[in-house]
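Please have the sequence and the structure open as you read.

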Amino acid sequence: MSSRPAIEISGAGPAGLAAALAVAGAGRAACVYERREDVGKRFHGDFQGLENWTTDADVLEELASLGIDGGFEHTPFHEVTCFSPDGTSREFRSTQPLFYLIRRGSEAGCLDTALKQQALDVGVEIRFGETLHHLPAGGIVTQGPRRADAIAAGYLFETDMADGAYAAISDQLAPRGYAYLLICKGRGTLASCLFDDFHNERRYLERCVEFYTEKVGVSMHNPRRFGGGGNFSLPRTARKGNILYAGESAGFQDPLFGFGIRWALISGAEAGRALADDDPARYERVWKQRLRAYHQTAATNRWFYDRMSDRGYAAALRKYPQGQDIRTWMQNVYAPSLWKRAWYYAVASRRYKPLLQVHEGCDCTWCRCERHMQVSDQRPGM
Ligand SMILES: Cc1cc2nc3c(=O)[nH]c(=O)nc-3n(C[C@H](O)[C@H](O)[C@H](O)COP(=O)(O)OP(=O)(O)OC[C@H]3O[C@@H](n4cnc5c(N)ncnc54)[C@H](O)[C@@H]3O)c2cc1C
């Protein structure tokens, strides 16, 4: 390990821990500050999907190439049952895993705890209970979301149901979003993921429970409520001098369906590598090459999805060619194209405000920092 000062990282989520692993892998010391008492405290042991459909390359292989091992519990899923707004269902299947089911939280086996252990094993220092607001010597900001553009409200439970993944698309269950049910090895997560009408989240969740009870006979033992939110933004830059932003802090999250883990891990690792090599400018180039086109495509897809309503969702599902590998179909949906890019710049981008505002000489981790807002708001005589 080099004798140079440790690279500081603010936030021990997937992006922050991936950054720390990359820094350590390059032979530099890394120090991660986490404001809570452990990793994964934003989550509750709920199931999430590590998507494996945006590229042909397998996500676990991609992560391994970035120095992130698959030591977390993960179960490959090749099949999803999807319900149309009228309640009819279709099976979608893939030869390669469509996604890997993982758990998020502070328990053993969760993605967060496995990343923490991997980081500790290579000598990363993690300071729990410490909040970092300034990075005068530069560093990496991976503090997660700043506001809720979409929310999930759900139940965690134990069950005797067989493993399975289900999604329902209907504004009656999850406005502009989707309702999901994930069962694996006796545990379950059922949630409504809403992109609108957050005020009525409880009502939508109870409808989801009724829906899945009727359709698949969901049985929930010891149900516990959970919830959370995420934000979407399309960055113009993820760099402020020697401060690099990664994961949700930078806005890297699929605006169509809210899948952010893969992009958090990739962006965190690339930010860590670049800073360890004293080449922060490289990070800008790398995330633009790897993530920007997918991000813009997903934003364009979201623009259309927002306008579809139940009839549109049903029509879109009917368009899925019977027998086609769902992964291939999803890759087409997410594939960047000229017209999607043009639509993004002409129309879809207007919805998103950049998270990062670059102020001259500012070292704060939060880029719309109050100090500068106050200064710029001050007018003579006020
Ligand atoms: C209910 C729910 C379900 C989801 N399901 C999926 C899914 O199925 N698939 C998927 O890909 N994505 C999913 N997501 C999104 C995914 O969880 C996020 O995109 C991902 O966790 C982002 O990782 P991150 O490291 O950027 O941020 P986070 O995981 O939020 O980590 C940020 C960390 O920074 C800490 N922190 C914040 N401020 C400071 C500070 N000033 N100083 C020190 N520490 C700080 C926080 O405590 C936190 O631990 C879901 C999100 C929610 C809420």
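1. Let me start with R262, which counts as buried because its relative accessibility is 2%. Buried here means under 20% relative accessible area, exposed means over 50%, and partly exposed is in between (1.4 Å probe, protein chains only). R262 sits in helix α5; helices (H or I, at least four residues) and strands (E, at least two) are DSSP runs, numbered from the N terminus.

2. A word on the basis of all this. This is a predicted model, in which local features need pLDDT of at least 70 and side-chain atom pairs count only at pLDDT 80 or more, while totals for chains, interfaces and linings use all residues. Residues are numbered from 1 along each chain as its sequence is written, and side-chain values use heavy atoms, with hydrogens and water left out.

3. What does R262 touch? Leaving aside neighbours within four places in sequence, R262 is in contact with L50, E51, N52, W53, T54, T55, A57, V59, E62 and R290, where contact means heavy atoms within 4.5 Å. With E51 there is also a polar contact between the two side chains, at 3.2 Å. A polar contact is a pair of N or O atoms within 3.5 Å; within protein, one must be able to donate a hydrogen and the other to accept it, and residues adjacent in sequence count only if both atoms are side-chain atoms.

4. Now the ligand. It is surrounded by 34 residues, and E34, R42, G49, E248 and Q253 are the closest; a residue is near a molecule if one of its heavy atoms lies within 4 Å of it. The shell divides into twelve nonpolar, 15 polar and seven charged residues. In that count Ala, Val, Leu, Ile, Met, Phe, Trp, Tyr, Cys and Pro are nonpolar, Asp, Glu, Lys and Arg are charged, and the others, Gly among them, are polar.

5. Which elements build that shell? α1 (14–25), β2 (30–34), β3 (46–51), β14 (221–230) and α5 (261–276) each supply at least two residues, and β14 gives the most, with three.

6. Helix α3 (residues 111–121) is mostly covered, with eight of its eleven residues buried. The cover over those buried residues includes α1, β7 (99–104), β8 (125–128) and α5. After α3 comes G123, with a positive phi near 90°.

7. Beyond four places in sequence, L63 is in contact with L50, I68 and L265. By contrast, R318 in helix α7 (residues 309–318) is exposed, with a relative accessible area of 62%.

8. Last, confidence. The protein averages a pLDDT (the predictor's confidence in each residue, from 0 to 100) of 92, and 94% of the residues score at least 70. Over residues 372–382, pLDDT stays under 50, and the model has five contacts beyond four places in sequence for this stretch. Where pLDDT is low, the predicted coordinates should not be read in detail.
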